[in-house]
Amino acid sequence: MNAPTRRAYPHSGGMGAGLAVSGATVTYRNGHTALRDVSFAIPRGTITALVGVNGSGKSTLFKAVMGFVPVSPGSISVLGGSVTQALKSNVVAYVPQSEDVDWNFPVLVEDVVMMGRYGHMNLLRLPRRQDREAVDAALDRVGMTAFRKRQIGELSGGQKKRVFLARALAQDARIILLDEPFTGVDVTTEEAIIALLRGLRDEGRVILVSTHNLGSVPEFCDRAVLLNRTVLAAGLTEDVFTQANLEKAFGGVLRHFVFDASRHAGAASVDVISDDERPLVIYADKASGEAQHGSAQAPAAGSERHDGSAS
Ligand SMILES: Nc1ncnc2c1ncn2[C@@H]1O[C@H](COP(=O)(O)OP(=O)(O)OP(=O)(O)O)[C@@H](O)[C@H]1O
């Protein structure tokens with residue numbers, strides 16, 4: 001695959017400088033403060049989950065990172081530089097929620113992906129050879145080459161997500177924000193997207209994913225940020241994804257079941273915590289007593305006797 005050429009980002013900071021949000025407050029024009037005093041930092045080469053109830057401010061945070069809404073007071077640093085510099089250098093890409101896209105808009109798959117190149121083109125937006133190569137490479141990487149001449153609205157939900165991911169790849173973004181990438185996609189597509197994200201992470205990019213699929217988070221996210229207008233917890237997934245933190249983030253919305261796993265080799269008890277269709281499973285290791293995370297595919301879920309305790 002030919003890597004697309006890009007301008008060097010002038011404010012690359014140290015190797016670890018990814019995304020740093022410091023005391024960020026966002027107030028909309030109608031006076032509603034959607035985020036207050038939000039602080040967290042994520043290094044390059046990581047996948048981070050952004051988790052919180054509906055209305056907790058996840059999309060607002062994405063908008064702030066993209067420079068679409070102002071932060072005041074507080075600041076956001078992207079690869080060691082400002083949001084404005086990041087905007088100019090095209091280093092941030094956004095993969096939208098499906099509901100936010102007008103699928104009736106008549107545009108071909110390859111045109112959507114070419115939009116990722118706009119920031120690299122001059123005002124006339126005439127694609128050059130490197131732009132076409134970047135689009136080809138991006139479509140190839142997400143396995144959508146065969147669909148390039150299709151109208152975007154004709155694709156399945158999972159295919160549409162892959163096209164928008166290809167747009168981010170064509171842009172060669174260093175920071176990729178994904179809004180609910182797994183909603184309405186089947187498990188096979190979800191796994192394909194996760195494999196792709198892992199590859200992008202290993203290239204040193206910063207991946208920030210908002211998701212309600214709690215069970216998937218420990219599977220593929222190195223870090224997590226729990227949000228409810230402000231940061232409730234942030235850090236390594238295993239430190240953040242504790243029952244206490246998740247209950248703080250979701251309150252009564254979260255369904256929590258405790259299974260008696262005494263017949264399950266190696267596990268002392270199994271907690272299933274669910275916000276969505278893909279529950280999080282926490283099972284304690286019998287020998288060490290340490291909590292282990294898994295998804296709904298973990299062996300214990302559903303196969304053990306439910307002791308009836310739910311919180
Ligand atoms: N343009 C806007 N003007 C005023 N308030 C807004 C605007 N956009 C969002 N809000 C409000 O800000 C809060 C946070 O919304 P946001 O969309 O960031 O939440 P979210 O966590 O992404 O939610 P969801 O999980 O439902 O996508 C909500 O109370 C919402 O009503």
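Biologist: Into which domains is the protein chain divided?

Modeller: Domain bounds come from an automatic or database domain assignment. Here the chain is divided into domain 1 (13–91 + 174–189 + 198–252) and domain 2 (106–172). Their centres, taken over C-alpha atoms, are separated by 25 Å. Seven residues from domain 1 and seven residues from domain 2 make the contact, where two residues are in contact if their C-beta atoms, placed from the backbone, lie within 7 Å. This is a predicted model: local features need pLDDT of at least 70, side-chain atom pairs count only at pLDDT 80 or more, and totals for chains, interfaces and linings use all residues. Residues are numbered from 1 along each chain as its sequence is written.

Biologist: Which residues have the most contacts inside the largest nonpolar core?

Modeller: A nonpolar core is a set of buried Ala, Val, Leu, Ile, Met, Phe, Trp, Tyr and Cys residues joined through C-beta atoms within 7 Å; buried means that 20 or more other C-beta atoms lie within 10 Å of a residue's own. The largest core has 72 residues, and Val 113, Ala 166, Ile 176 and Leu 177 have the most contacts inside it. Because domain 1 and domain 2 both give residues to this core, it lies between them. Leaving aside residues up to four places away in sequence, Val 113 touches Val 135, Ala 138, Leu 139, Val 163, Ala 166, Arg 167 and Ala 170.

Biologist: Which residues surround the ligand?

Modeller: A residue counts as near a molecule if its C-beta atom, placed from the backbone, lies within 6 Å of it. Among those surrounding the ligand are Tyr 28, Asn 30, His 32, Gly 57, Lys 58 and Thr 60.

Technical notes:
Buried ≥ 20, exposed ≤ 12 C-beta atoms within 10 Å, placed from the backbone.
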